[in-house]
Amino acid sequence: MALPWALRSCLQRPCVLRSRRAPLGGAAGAGLILQSLSDDVYQNLAVEDWIHEQASLENRQVLFLWRNAPAVVVGRHQNPWQECDLGLLRQKGIKLARRRSGGGAVYHDLGNINLTFFTSRKRYERMDNLELVVRALRALSPRLDVRVTDRYDIVLGGRYKISGTAAKLGRTAAYHHCTLLCGADKSLLSAVLKSPYQGLRSNATASVPSAVRNLLEEDPALTCERLLEAVAEEYAARHHVDRHVTLINPADEAVLPGIHRKTKELQTWEWVYGKTPKFSVSTYFDLTYEDSVLQVKVDMEVKHGKIEVCNIDVPEQWLPPGLCQELAKSLTGSRFCPDEVTVLASAWLRTCPRDDELRHKWNLLCENVRMLM
Amino acid sequence: PSAASWGVPAPPRQAPCTRAYPGVPFSCPLRTGAPRGSRKFTDKHEWISVDNGIGTVGISNFAQEALGDVVYCSLPEVGTKLNKHDEFGALESVKAASELYSPLTGEVTEINAALAENPGLVNKSCYQDGWLIKMTVENPTELDELMSEDAYEKYIKSIEE
């Protein structure tokens, strides 16, 4: 366990951590390898923010190793509705997070490891980092067919993606992080990263889907634990850093002052959903009522996760005049969120006359609108 | 990768202006495409050009080359108040998500709507069509803290090594 003062001062003061292998007189050998004790995606993303902002990286490198309990992580400028099946996430209790780096959507679970390479902006070099990872893999499994592509993916056997990369460039510091699939739940991964939502139009950054494979399928020796060790070892060698791994607790405000606020911010609706670039929804659904099937057309414009414009077109006379417009009007200004529809739907039901048929139709309509979100 | 690799010639290097007559403030009628105000640069590779009290902000050619193809521009709302050095948005490129920092203190008056559909304008035309935001200039003296175009050219030569 790191002592609170040791970690912070190590990262902030221009102190030099010399290992026995550091070149004589070379301050470039300063660095740290950190590993998170938490599997909470928000806490771990908060640690990344903390290191990026607080650490003095001018002459220092930091490697951060982390794993998450099941979560989907979208890139900074992505649209979660376009990237994943939010209904399935909610059903399975899988968390949704938005990271601050760019890139596409990924599924994390404990069978996936995350590596973050922190450097000064000048020393930002993704290829170098990924080649380090490949060396670590080959150290454990010499005949492994792995290589880095020009998209900065790592592919296995020439066709299966086992690692994706994203990065963030700040004023003076930068970080590059990547995933590594050891033994993740691939069927769940495919299911959650498949969006069922139709009719979405936006200029959000889109993911590039790839076939994936777990390293454990290739070689049972490639467990998460062994991989974490191998990467740490390779990092220590490459950057002349002490190979000792310092464990950190992302919930410890004493070690990481301000970490709670950062963690909270990453969990807010405003960050996760509200940061979605403006998008429009233009779709329809079929309502089966008694013996007929009716088509309902929905058009919405969503900005900052809130519905700015809403049109719901129901065939004439199925609902009393004006009721449809009333639903559209209540939705305008609300979050594009199924819970909000539930609240609005219930609110109207309380004022509605005791007309079972009307109530049933209303519920049917609202339920289908909910499913768009 | 240089701008030429997209089949687009790099913006012409603009010759420094010389005084036509001693004692008379010079203007640069030969500066093609440049607005009336001269361009100033930050050490983080943003530029600002002030005209009639409104500053137009963008990123330099050096920056757009280093960034690679821009795929998304995240810009602030009109009316946002910015202090010098405040983060006002981000550019996502194939390389990374990169923050944008305000060169001056002021209020956002306009954002470049063309970038929503065509973020690549930042690469193709970083000094003209690829501008990012326009803002008021609350403290004109802050402009003096920024680099002139010549000083910026020297600066990037020094960091390119």
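Helices here (H or I, at least four residues) and strands (E, at least two) are DSSP runs, numbered from the N terminus. The expected span of a helix is 1.5 Å times one less than its number of residues. Keep both in mind for what follows.

Some ground rules. This is a predicted model, where local features need pLDDT of at least 70 and side-chain atom pairs count only at pLDDT 80 or more, while totals for chains, interfaces and linings use all residues. Residues are numbered from 1 along each chain as its sequence is written, chains are lettered from A and ligands numbered from 1 in the order in which they are written, and side-chain values use heavy atoms, with hydrogens and water left out.

Chain A to begin. It holds 13 helices and 16 strands. Its C-alpha trace spans about 85 × 45 × 30 Å along the principal axes. Of its 373 residues, 54% are buried. Buried means under 20% relative accessible area, exposed over 50%, partly exposed in between, with a 1.4 Å probe and protein chains only. Now contacts, meaning heavy atoms within 4.5 Å. Among those in chain A between residues at least 6 apart in sequence, 73% join residues at least 24 apart.

Now helix 5 of chain A, residues 126–140. Its 15 residues should span 21 Å, and the end C-alpha atoms are 22 Å apart, which agrees. Its buried residues include A:Leu130, A:Val133, A:Val134 and A:Leu137. An α-helix has 3.6 residues a turn, so residues three or four places apart point the same way. A:Glu125 caps the N-terminal end of helix 5, with a side-chain oxygen 3.3 Å from the backbone nitrogen of A:Met127.

Helix 2 of chain A, residues 41–54, gets the same check. Its 14 residues should span 20 Å, and its end C-alpha atoms are 20 Å apart. How many of those 14 residues are buried? Eleven, so helix 2 is largely enclosed by the rest of the structure. Among them are A:Val41, A:Leu45, A:Glu48, A:Asp49 and A:Trp50. A:Asp40 caps the N-terminal end of helix 2: a side-chain oxygen lies 2.9 Å from the backbone nitrogen of A:Tyr42.

On to the interface. On chain B, 19 residues are in contact with 22 residues of chain A. The buried area is about 1700 Å², and carbon and sulfur atoms give 45% of that. Buried area is the accessible area (1.4 Å probe) that two parts lose on being put together, summed over both.

A salt bridge is a side-chain nitrogen of Lys or Arg within 4 Å of a carboxyl oxygen of Asp or Glu. One joins A:Lys303 and B:Glu77, at 3.6 Å from N to O. Strand 7 of chain B gives the most to the side that touches chain A, with four residues.

Last, two loop residues in chain B. B:His45 has a phi near 75°, positive in a residue other than glycine. B:His45 sits in the loop between strand 1 (39–41) and strand 2 (46–51). Is B:His45 buried or exposed? At 13% relative accessibility, B:His45 counts as buried. B:Asn52 also has a positive phi, near 50°. Its place is the loop between strand 2 and strand 3 (54–59). B:Asn52 is exposed, at 71% relative accessible area.

Key
A polar contact is a pair of N or O atoms within 3.5 Å; within protein, one must be able to donate a hydrogen and the other to accept it, and residues adjacent in sequence count only if both atoms are side-chain atoms.
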